[in-house]
Amino acid sequence: MRASASLRGLVRETALTADRLVLPMFVAEAGDAREPIATMPGVQRLSVAAAVREAREAAALGVSAVMLFGVPAEKDEQGSGAWDEQGVVQLATAAIKQAQPDVLVITDVCLCEYTSHGHCGVLRTGPHPPYVDNDATLELLNRTAVSQARAGADMIAPSDMMDGRVGTIRRALDDDGLTETPILAYSAKFASAFYGPFREAADSTPAFGDRRGYQMDPANAREARREIAADVAEGADMLLVKPALPSLDILARARADYDLPIGAYQVSGEYALVKAAAERGWVDERRVVLESLVSIVRAGADFVITYAAADVAAWLREDDR
Ligand code: PBG
């Protein structure tokens, strides 16, 4: 049953289509319209106007969902840029929704892009070494989510990994009348070295220590199931697993256990590895990217967040001919 392309097409179990892809974008408050990111060839930090253009171009290729990350001009201890009504993500959300109402805008809820220390929550200092204060962070995440939804975000995606945040964000949104805004919960997010290039892009490398105090240990699969169960109980509308390729077992298990839509995030390091090898001619970029994405969908993802989304949509069109 593998002898010809038409026979293989007939029995193929998994289809990759552009409408299952989400394009992440970094929107920067300062700087030029487009600033290259050294560790992520092909990805740029964008001004609000450039982000609108990028969303329009992606939509023209069939990618109709974007995920926004903010790079503020100023950072502070609390990360107050995250919930600023005039913050860069809030402005970009409003601008994209106005120019392209059909594009789904998903906003990242986390403080690490906005804090001067680069951690995902507020720090507690005292007699002990500084650590991220889970419960004090929740209130700031609530404010961030509400401000993004008010700006027009179609969906809120908390990536901070604080305990209890799905429930408190749900209540905060509902209390503000934002009852229709769904939550895409980063339920199983591992403390991963694959996030390296992202931190370069968002200038969010922790000033001290690392994120293992709140992101999950990659060695733990049962814990991932508990994290997912907690987010479902707290009201998550969709689940996210990341990094994608290193977590296919987690994804497949979540698919078997839950009927909720599940996404996977092919993260910056996964993207960068392929780019670097392809630049040297060591792998065929297009085939490696398409194979990894179809494997992620095969494992159980309904949709994939990937920096290659627009390229992939263009490749899929060529294949159609
Ligand atoms: C914010 C956040 C990160 C990523 C998504 N949201 C960085 C981190 O946790 O350090 C990583 C995505 C990627 O690497 O592409 N907390």
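Reader: Hey, how many aromatic pairs does the structure hold?

Author: Eight aromatic pairs. Rings of Phe, Tyr and Trp (its six-membered ring) pair if their centres lie within 6.5 Å. This is a predicted model, where local features need pLDDT of at least 70 and side-chain atom pairs count only at pLDDT 80 or more, while totals for chains, interfaces and linings use all residues. Residues are numbered from 1 along each chain as its sequence is written, and side-chain values use heavy atoms, with hydrogens and water left out.

Reader: Why is the pair of Phe 26 and Tyr 307 stacked?

Author: Their ring planes are at 5°, with the centres 6.1 Å apart, so the pair is stacked. Planes under 30 degrees apart count as stacked, over 60 as edge-to-face and the rest as tilted.

Reader: Ok, new topic: which residues are closest to the ligand?

Author: Lys 189, Arg 199, Lys 242, Ser 268 and Tyr 307 are the closest, out of 19 residues that surround the ligand. A residue counts if one of its heavy atoms lies within 4 Å.

Reader: And how does the shell divide into nonpolar, polar and charged?

Author: Ten are nonpolar, three polar and six charged. Ala, Val, Leu, Ile, Met, Phe, Trp, Tyr, Cys and Pro count as nonpolar, Asp, Glu, Lys and Arg as charged, and the others, Gly among them, as polar.

Reader: How far is the side chain of Lys 189 from a ligand oxygen?

Author: An N or O atom in the Lys 189 side chain is 2.7 Å from an oxygen atom of the ligand. For Arg 211, an N or O atom in the side chain is 2.8 Å from a ligand oxygen.

Methods:
A polar contact is a pair of N or O atoms within 3.5 Å; within protein, one must be able to donate a hydrogen and the other to accept it, and residues adjacent in sequence count only if both atoms are side-chain atoms.
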